[in-house]
Amino acid sequence: MTGAPRILPELALSPSALDRSSWLRGDVTWVPRLLDDESTQVVLARGDLLEARTDGSALVRHTPAEVTVTTDDIVVYLGADERGRQHLGLVRGPLEDEHRRQAPGDGHVVGGSTRWAGLRDLGLTLDPLDVALAATLIGMSHWHRAHGYCSRCGLPTSVVSSGWVRRCSGAHESYPVTSPAVIMAVVDSRDRLLLARNASWPQGRLSVLAGFVEPGESLEGAVVREVREEVGLEVEAVEYSGNQPWPFPASLMLAFTARARAGELCFADDEIAEARWYSREELRGDIRAGAVLAGGMPISVAYHLIERWLGEPIAALQQGPSVSR
Ligand SMILES: [Zn+2]
């Protein structure tokens with residue numbers, strides 16, 4: 001990997017253009033004051049989806065007067081932009097639930113210039129501020145939906161601290177938790193890249209290995225363990241390569257490179273259906289043939305790890321003249 005930047009540039013979900021001003025969350029008057037202030041910007045999430053402009057260029061902003069906050073809605077204080085404008089997120093149930101209940105909307109017509117879209121869809125087109133707002137709001141939406149009941153006593157929980165804490169009547173509190181996951185580009189002594197297909201993926205889809213960090217484990221330890229578990233190889237020279245939030249539903253992806261010691265690939269773990277070493281020429285050929293999705297989408301860390309190793313844009317190969325679909 002000589003010549004390539006050690007830290008991956010421009011991971012789509014990494015920008016931190018949002019001042020979260022977390023010390024303001026505990027003030028019980030803070031969200032009501034923001035809802036009374038017409039300069040406050042309100043963005044909406046329904047389940048996994050965000051309200052965005054049809055072209056994906058920005059999240060839709062509402063003034064507080066334009067939205068009706070019901071008792072089913074969760075208001076989350078997201079933070080301020082660099083001009084000091086304050087942002088609230090309004091978390092609502094998934095669209096299909098709303099249709100099932102036939103609940104009235106808030107009068108805002110979605111259609112024409114706006115649509116509901118997921119973060120994977122919007123992550124490459126939003127600006128850094130909106131990426132930060134979107135990733136935070138989607139992560140909080142997932143967390144709120146999964147924590148309606150106290151994990152310690154089972155009582156229903158309610159929302160406090162400007163949307164950042166859930167508390168039951170027994171005063172147990174729960175906080176949004178992010179799970180670190182490692183994702184690693186493993187090369188061999190000939191600088192070939194290891195790509196694998198997860199057992200749940202369709203034929204032809206390959207990516208680098210990844211897995212969650214376990215309690216008590218370092219990031220480097222997780223890289224070594226995951227590679228050993230999934231393909232039976234020992235790795236060394238484990239180096240950090242960057243990170244980005246991955247709120248699907250609650251991960252932080254930490255990228256690494258590692259070099260495998262000599263050994264045979266073996267799939268003791270049934271998580272991996274197949275894996276093999278790729279030379280750059282082999283991977284170029286497979287991408288041109290449309291057979292390899294190579295890490296999925298440009299929004300993913302995997303895509304950038306593979307692209308950096310490859311040394312040329314994956315998209316250009318996919319759009320090449322010999323692509324067959
Ligand atoms: Zn409780």
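Along the chain, the zinc ion's donors are spaced as C-x2-C-x14-C-x3-H; donors here are N, O and S atoms within 2.8 Å of the metal (3.2 Å for Na, K and Ca), and since water is not among the atoms, sites may look incomplete. This is a predicted model, where local features need pLDDT of at least 70, side-chain atom pairs count only at pLDDT 80 or more, and totals for chains, interfaces and linings use all residues. Residues are numbered from 1 along each chain as its sequence is written, and side-chain values use heavy atoms, with hydrogens and water left out.

**Zinc site**

- C150 (SG), C153 (SG), C168 (SG) and H172 (ND1) coordinate the zinc ion at 2.2 to 2.3 Å.
- The site is tetrahedral, with angles of 105 to 116 degrees among the four donor atoms (four donors count as tetrahedral if all angles lie between 85 and 135 degrees).
- For comparison, the ideal angle for four tetrahedral donors is 109.5 degrees.

**Cysteines**

- C150 is buried at 11% relative accessible area, where buried means under 20%, exposed over 50% and partly exposed in between (1.4 Å probe, protein chains only).
- C168 is buried too, at 5% relative accessibility.
- C153 is partly exposed at 38%, and C266 is partly exposed at 39%.
- The structure holds zero disulfides, a disulfide being a pair of cysteine sulfur atoms within 2.5 Å.

**A contact along the chain**

- G26 is exposed, with a relative accessible area of 59%.
- The C-alpha atoms of G26 and S162 are separated by 6.8 Å, although the two residues lie 136 residues apart along the chain.

Conventions
Tetrahedral: all angles 85-135°; square planar, octahedral: opposite > 155°, others 65-115°.
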